[in-house]
Amino acid sequence: EGGCCGGRITGGRLVRNRQLELGVALVLAFVVMACSGAARQKTIRITYETLNVAADKLTAYSKSHEREIVDKALARQATKAEVVAELADFRAKVDKAEIAIVAGFRMTAAASIINDDQSLSALLRVAALVATELKELGIP
């Protein structure tokens, strides 16, 4: 079974892909070191714009997928309790993505105000988390 971030699930445990993690860490380190002045502001702006697109995609997907869950449940004559449980499961996943997006906006504000490598690095990590959460929902 597949897991997130290039990991795999073995025996109920997520086995992390250390090479992928190292690659991501190196890319983040390179971006942070390369970002000075205008490049830093451009990175923050692009990340902010990307978070806006992610929020819009999540909203659109959430509405259409909730309707899809209900339609499929009605087609197979599911009970009300089954439909409520399926919607609750889906909403829990959406809530995780929404929390990540809100964290992304907060980190965007922090990185805009605090001019240090840690705030920009944190922003990029949160942006990667948003991408992971959307991918797990099936949002491209």
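Let's start with a helix pair: in this predicted model, α2 passes α4 in a left-handed crossing. On the α2 side, the contact is made by Arg40, Thr43, Ile44, Thr47, Leu51, Ala54, Leu58 and Tyr61, and they meet Ser119, Leu120, Leu123, Leu124, Ala127, Val130, Leu134 and Leu137 of α4. The two axes come within 11 Å and cross at roughly 25 degrees. That is under the 35 degrees cut-off, so α2 and α4 count as roughly parallel to each other.

Now for α3 against α4. This crossing is left-handed too, but here the axes come within 9 Å and the angle is roughly 160 degrees. Angles over 145 degrees count as roughly antiparallel, and α3 and α4 are therefore put in that class. Side by side, the two pairs look like this:

| Helix pair | Axes come within | Crossing angle | Orientation |
|---|---|---|---|
| α2 and α4 | 11 Å | roughly 25 degrees | roughly parallel |
| α3 and α4 | 9 Å | roughly 160 degrees | roughly antiparallel |

Helix α3 itself covers residues 80-113, which makes 34 residues. From first C-alpha to last it reaches 49 Å, close to the 50 Å expected at 1.5 Å a residue. Its buried residues are Val83, Phe90, Val94, Ala97, Ala100, Ile101, Gly104, Thr108 and Ala111. What covers them includes α2 (38-75) and α4 (117-137).

Leu134 is worth a click in your viewer: leaving out residues up to four places away in sequence, Leu134 touches Ala54, Leu58, Ala97 and Ile139.

Most residues other than glycine have a negative phi. Gln77, however, has a positive phi of about 60 degrees although it is not a glycine. You'll find Gln77 in the loop between α2 and α3. Is this residue buried or exposed? Gln77 has 71% relative accessibility, so it counts as exposed.

How values were computed:
Residues numbered from 1 in each chain as written. Predicted model: local features only at pLDDT ≥ 70, side-chain atom pairs only at ≥ 80, totals over all residues. Heavy atoms only, no water. Helix = DSSP H or I, 4+ residues; strand = E, 2+ residues; numbered from the N terminus. Expected span 1.5 Å × (residues − 1). Buried < 20%, exposed > 50% of the residue type's maximum accessible area, 1.4 Å probe, protein only. Contact = heavy atoms within 4.5 Å. Axes fitted to C-alpha atoms, helices over the stretch in contact; angles between N-to-C directions. Parallel < 35°, antiparallel > 145°, perpendicular 65-115°, else oblique. Left-handed = near helix turned anticlockwise from the far one by under 90°.
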